[in-house]
Amino acid sequence: MSEILEKLFEAVEFGKADKASPFPPQLKGQDGANELTKNALDADVDPKDILEQALIPAMERVGKKFSEQKIFVPQMLMSAKAMGASMVQLKPFFASGKIKEKGTFIIGTVKGDLHDIGKNLVSMIVEGGGWKIVDLGVDVSEDKFLEKIDEYPNAVIGLSALLTTTMVNMEDIVKAIRTKKPDARVLIGGAPINDDFCQKIGADYYAADPQKAVEYLNKIAS
Amino acid sequence: MKYKNLIISSPQELMFGKAPSPVKTRRGLIIGGGQVYSELNFTLPTMSINSNTVKRVNEHYREIAEGALERALHLNSKGVVLEFETLLEMTKTPQIGVDIVSIMNEVCEKYYQKHGLASEIRLTPNDLREFERPAKQRTSELIAPMMELFERGMEAGGDLVSIESTGGKEVSDDALMMCDIKAIMFALSVLGVRDMQFLWKKIVGLANKQGKIAAGDSACGFANTAMVLAEKKYIPKVFAALVRVISVVRSIVAMEEGAVGPDKDCGYEGPFLKAITGIPISMEGKTAACAHFSPIGNIASACTDLWSNESVQNIKLLSGMAPTAYMEQLEYDVRLMNVALKGGDQSCQLFQQLMVDSDVYTDPQALVLAPENVIRISKELLKGDSYVANAKNGALATLDIIEEAIASGQMELSEMETAYLPILREDLNSIPDSESEFIDMMLPLMDQSKFILEEYGL
């Protein structure tokens, strides 16, 4: 890996979005992900290499550190922010089709449920893994999911619920998705969910944590 | 803040079962009057609530109340509070909630008339305003069904009323994930306080009209969310401990507006409220493991007046239905406390010390609940001239206590945790005491699309 990509990897891993950012203290005053990406593009580094050799592996390392309980969520959020700062520079290459996301992930907390902390964590890690995120928010009905599936027919769908009284709504949503698009991949997660429930309602995968979600997605994308 | 001095200023007087301002219920429980009672909380098994299932829903609640009170009677219980924390559909359609209160009240009355077992219902509707984002805290049409359930639920037999209100949650959810203590301060000591003033005026008005008990609010969506995130190691425990202390200035507003306790079980800020205002409180600890894990299983009961289990589903266990089993667990815990109370000050102090010592240095969130620390922090929570200043002073005192415990070798924290201590102190010190100056400082830093200032009277 070139020196500039190594630096970009480090900036994302430790959450240095841009030069002005005071975080992390050990990189104070140095270029952040935004400037480093611009420099790399100016130096004719292939945008695909920027994405695949620096950004995605850096976020994978961050996700691994988080799942090993070596960092807290704020450090992971800072890394996601740094990756976002880099993506601003890469946006034209996504628009032109020169580089592509691994796929699209539609995610929402199911109808009747307002809890979004877990959903947001999953979104962030999956996005860091190179996926396009379509976040439908909380209290999401079947219709809203189906509407987005029309727009992104190849998307993987993620359903989240925190309550035992709202997890049952996952079943209706999975049924509706299956009726419209039998081959759609649906993963589910949330505190009261387990594998048995996943199988019972006919979803494809139960993700016990955000890292498991991105691992599943990457597996089906490869 | 209305309160300027502590009602309980000595740690020795911050004791379970005894509150300076006990609350008497209509069937004769005297909460905080010298004994501890069980407060059982329960919910449905995994099921939908709709017109097809509502009959079964009602049956579940009757079974829960019957099973729990029968067990309490068998165990010679001195009294029980049943907390009916509604599910969203029961507040959205108040008639569902009202019917359930009536059903449970019938059961309570039957056990009272037939066996002399006193029990009361604490009715806790949902804060539906959370359904709208950005929330319309003062103008939402969703306030009407909430208030209807309070009013008609009290008529149907709810004697104590509470809520887990959500003013400021639009800001705190993100702030918790970022460990942004300034944004937490803004959420709780500015938005939370202002929303509590608005909401609790209404709730106290409704309760007073019917001679019912406006009990109190819980910062569950803020400080308990922090606690659960810390248990999962998503955020540092030291941060969660600060959020708990900051939540005091928000939850105390219910008392300023006329609530009299017992404060709600999941409000672990309760000990501070008891020290400052003298109201009785409800707490939950090891008996709440059915709903969530916590680092404060024993210490939570050190100065409680009701002892709760947070929530348990009505599912079958080997012994019987889960709420009945939890009734038994609560009753045995309460018996121990009541035996200690009968034995006098010395036995109370000894028993409390064991509960405190078994948890206190295992986690900063337990540390802040030790009676001597509750008193020390509470004094700081009253020192300023604004809610912001009070919350800041309380949080800084909490940092002092955590750092002293580390320095003395009594508490061990990982480097991941201790790295946050200087950052949190620096951020807290940067906060001005004046609310208006704090708002001016924070607004440019925040995503203002997430909340509506006018809905908080700003």
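Analyst: In this predicted model, three helices of chain A, namely helix 3 (47-67), helix 5 (117-128) and helix 9 (210-221), each supply at least two residues of the lining of the largest cavity; helices here are DSSP runs of H or I with at least four residues, numbered from the N terminus. A cavity is a set of points on a 1 Å grid over the protein atoms alone where a 1.4 Å probe fits but cannot get out, and lining residues have an atom within 4 Å of a point. Because the model is predicted, local features need pLDDT of at least 70 and side-chain atom pairs count only at pLDDT 80 or more, whereas totals for chains, interfaces and linings use all residues. Residues are numbered from 1 along each chain as its sequence is written, chains are lettered from A and ligands numbered from 1 in the order in which they are written, and side-chain values use heavy atoms, with hydrogens and water left out.

The lining itself consists of A:Met59, A:Glu60, A:Gly63, A:Ile125, A:Gly128, A:Gly129, A:Gln211, A:Val214 and A:Asn218. Sorted by class, these are 3 nonpolar, 5 polar and 1 charged residues, where Ala, Val, Leu, Ile, Met, Phe, Trp, Tyr, Cys and Pro count as nonpolar, Asp, Glu, Lys and Arg as charged, and the others, Gly among them, as polar. The space inside comes to about 50 Å³, a volume being the space filled by probe spheres set on grid points that are joined across faces, edges and corners.

Both domains of chain A take part, since the assignment, which is automatic or from a database, gives domain 1 (3-96) and domain 2 (104-221), and the lining draws at least three residues from each of them. The C-alpha centres of these two domains of chain A lie 27 Å apart, and their contact (heavy atoms within 4.5 Å) takes 12 residues from domain 1 and 9 residues from domain 2.

In total, 3 cavities of 30 Å³ or more are counted. The second largest cavity holds about 40 Å³ and is lined by B:Met227, B:Ala241, B:Arg244, B:Ile296, B:Gln365, B:Val368 and B:Leu369, a set of 5 nonpolar, 1 polar and 1 charged residues.

One of these lining residues, B:Met227, is also listed among the buried residues of helix 7 of chain B, together with B:Cys220, B:Gly221, B:Phe222, B:Ala223, B:Asn224, B:Ala226, B:Leu229 and B:Ala230. Helix 7 (residues 220-231) is largely enclosed by the rest of the structure because 9 of its 12 residues are buried, that is, under 20% relative accessible area with a 1.4 Å probe and protein chains only. The cover over those buried residues includes helix 5 of chain A, along with helix 5 (169-178), helix 6, helix 8 (237-256) and helix 12 (364-367) of chain B. Following helix 7 of chain B is B:Lys233, with a positive phi near 65°.

B:Glu331, in helix 10 (residues 322-342) of chain B, is buried at a relative accessible area of 4%, and its contacts beyond four places in sequence are B:Ser38, B:Leu75, B:Ser77, B:Gly79 and B:Val80. Between B:Glu331 and B:Ser77 there are 254 residues in sequence but 6.8 Å in space, C-alpha to C-alpha.

Key
On a 1 Å grid over the protein atoms alone, a cavity is a set of points where a 1.4 Å probe fits but cannot get out, and a pocket is an open set with protein on both sides within 12 Å along at least five of seven lines; lining residues have an atom within 4 Å of a point. Buried means under 20% relative accessible area, exposed over 50%, partly exposed in between (1.4 Å probe, protein chains only).
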